[in-house]
Amino acid sequence: MRDNDSATAPPSKALGGLGLAALGVLVYSFTLPATAVGLDGLDPYLIGIGRSAVATVVAAVALLAVRARPPRRDQWPALAAVGAGVIFGFPLLSTLALDRGASSAHSAVVVGLLPAATAVAAVLRAGERPSRAFWLASMGGAACVTAFAVVRGAGQVTGADLLLFGSLAAAAIGYTEGGRLAREMPGWRVISWALILCAPITFPATGWLLATTDQHWTARTASAFGYVALFSAYLGFFAWYEGLARAGIARASQVQLAQPVLTMAWAALLLGDEIDSATLLAALGVLVCVALTQRTRVRRTAPAAPLLVTPEKAVREGRVGV
């Protein structure tokens with residue numbers, strides 16, 4: 001049976017969780033640049049939805065290979081939230097933002113508030129009460145990102161920025177619910193079952209988009225689509241959800257502070273995006289504010305949902321294993 005609260009986990013397990021979370025962040029740091037490359041020849045909706053359809057095929061094979069038991073009835077709502085957040089919400093909204101003119105570097109700064117959003121969602125879902133300092137730091141980060149978006153939008157928040165803010169909220173929900181579920185089943189099964197749950201939508205939608213949109217497949221666009229389908233939509237979650245479960249959602253999310261910087265580096269190297277002083281300053285402000293949210297005290301008012309099962313029952317239900 002898994003540790004339900006990372007506060008009680010051995011230090012070595014927590015450290016291992018942070019390492020897994022860091023591996024997930026490394027995988028995700030390529031997502032926005034790869035998506036931008038894919039948009040050179042593919043419809044944004046095809047990238048946003050089609051990547052999950054491809055990942056679903058791999059997930060189905062993996063689940064069949066280990067003869068995984070289906071999740072319990074009470075776990076399906078959380079899996080639906082995972083699907084809404086990281087299978088539909090973030091991929092579609094972030095892809096549309098890039099299609100509407102947001103650069104990978106610009107998007108990285110806005111999405112750089114995601115660790116704070118994830119921490120907020122995590123403490124709320126876990127019944128914890130953040131301190132005043134936590135909320136001040138969180139609001140400071142939101143103000144920093146909003147100011148950057150307004151400056152870049154010539155005095156107003158653009159449609160692309162609104163899409164990015166929406167993708168941020170969706171990912172925070174998907175990360176939090178997935179991290180909670182990963183305390184009860186292996187992290188790779190969380191994303192696998194979420195993909196299976198969403199298949200009745202992703203498969204028909206992908207087929208329709210393939211039949212009705214213009215596509216210009218090249219080695220470059222195919223490689224970019226393959227990356228977001230196999231790594232961003234599936235394999236990255238193996239490490240990410242396990243990291244959230246082992247080290248704690250709020251704690252592990254702080255390693256995502258490195259993602260905006262990594263994404264901007266890949267965008268500059270692979271796409272030639274210009275990284276100006278305003279972008280760097282905004283990124284630094286976000287990192288400072290989010291770091292402060294991770295260092296403030298959070299008092300637990302109610303325990304996270306306990307696992308009221310014995311180890312033997314957990315094994316029978318397939319809640320531990322691969």
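## Handedness of the α3–α10 crossing

A helix crossing is called right-handed if the near helix is turned clockwise from the far one by less than a right angle, and left-handed if the turn is anticlockwise. In this predicted model, α3 passes α10 in a crossing of the right-handed kind. The contact draws on L46, I47, G50, R51, V54, A55, V58, A59 and A62 from α3, and on F225, V228, A229, L230, S232, A233 and Y234 from α10. Sorted by class, the residues of this contact comprise 13 nonpolar, 2 polar and 1 charged.

Two packed helices are described by the angle between their axes and the distance between the axes. Helix α3 spans residues 44-65 and helix α10 spans residues 219-247; their axes come within 8 Å and cross at roughly 60 degrees. This angle makes α3 oblique to α10.

## Overall composition

The protein chain contains 14 helices and 2 strands. Of its 322 residues, 54% are buried.

Helix α6 (residues 114-125) and α8 have axes that come within 8 Å and cross at roughly 50 degrees. The two helices are therefore oblique to each other, and their crossing is right-handed. On the α6 side the contact is made by L114, A117, T118, A121, A122 and R125, and on the α8 side by L168, A171, A172, Y175, T176, E177 and R180. The classes represented are 8 nonpolar, 2 polar and 3 charged residues.

T176, which is located in helix α8, has a relative accessibility of 1% and therefore counts as buried. When residues up to four places away in sequence are left out, T176 touches T118, A121, A122, R125 and I249. Of these neighbours, T118, A121, A122 and R125 belong to the α6 side of the contact with α8.

## The α5–α12 contact

The axes of helix α5 (residues 104-111) and helix α12 (residues 258-271) come within 9 Å, with a crossing angle of roughly 175 degrees. Because angles over 145 degrees count as roughly antiparallel, α5 and α12 are placed in that category.

In this contact, S104, A105, A108 and V109 of α5 meet P260, T263, M264, A267 and L271 of α12. The contact of α5 with α12 has 7 nonpolar and 2 polar residues, and no charged residues.

## Aromatic pairs

The structure holds 12 aromatic pairs. One of them joins F30 and Y227, whose ring centres are 5.9 Å apart and whose planes stand at 65 degrees, so the arrangement is edge-to-face. F30 lies in the loop between α1 (11-28) and α2 (31-38), whereas Y227 lies in helix α10; the pair thus links distant parts of the chain, 197 residues apart. F30 has a relative accessibility of 26% and is classed as partly exposed.

Y175 and W240 form another edge-to-face pair, with 5.3 Å from centre to centre and 65 degrees between the planes. Since Y175 belongs to helix α8 (residues 159-181) and W240 to helix α10, this pair ties together parts that are 65 residues apart in sequence. Y175 is buried, with a relative accessible area of 6%, and W240 is also buried, at 0% relative accessibility. Both residues take part in one aromatic cluster, formed by Y28, Y175, F237, W240 and Y241.

## L92 in helix α4

L92 is found in helix α4 and is buried, with a relative accessible area of 17%. Not counting residues up to four places away in sequence, L92 touches Y45, G48 and I49. The C-alpha atoms of L92 and L46 are 9.1 Å apart in space, while the two residues are 46 residues apart in sequence. L46 is one of the α3 residues in the contact with α10.

Most residues other than glycine have a negative phi. R67, although not a glycine, has a positive phi of about 50 degrees. R67 is situated in the loop between α3 and α4 (76-99). With a relative accessible area of 77%, R67 is exposed.

Terms used. Residues numbered from 1 in each chain as written. Predicted model: local features only at pLDDT ≥ 70, side-chain atom pairs only at ≥ 80, totals over all residues. Heavy atoms only, no water. Axes fitted to C-alpha atoms, helices over the stretch in contact; angles between N-to-C directions. Helix = DSSP H or I, 4+ residues; strand = E, 2+ residues; numbered from the N terminus. Parallel < 35°, antiparallel > 145°, perpendicular 65-115°, else oblique. Contact = heavy atoms within 4.5 Å. Nonpolar A, V, L, I, M, F, W, Y, C, P; charged D, E, K, R; others polar. Phe/Tyr/Trp six-rings, centres within 6.5 Å; stacked < 30°, edge-to-face > 60°. Buried < 20%, exposed > 50% of the residue type's maximum accessible area, 1.4 Å probe, protein only.
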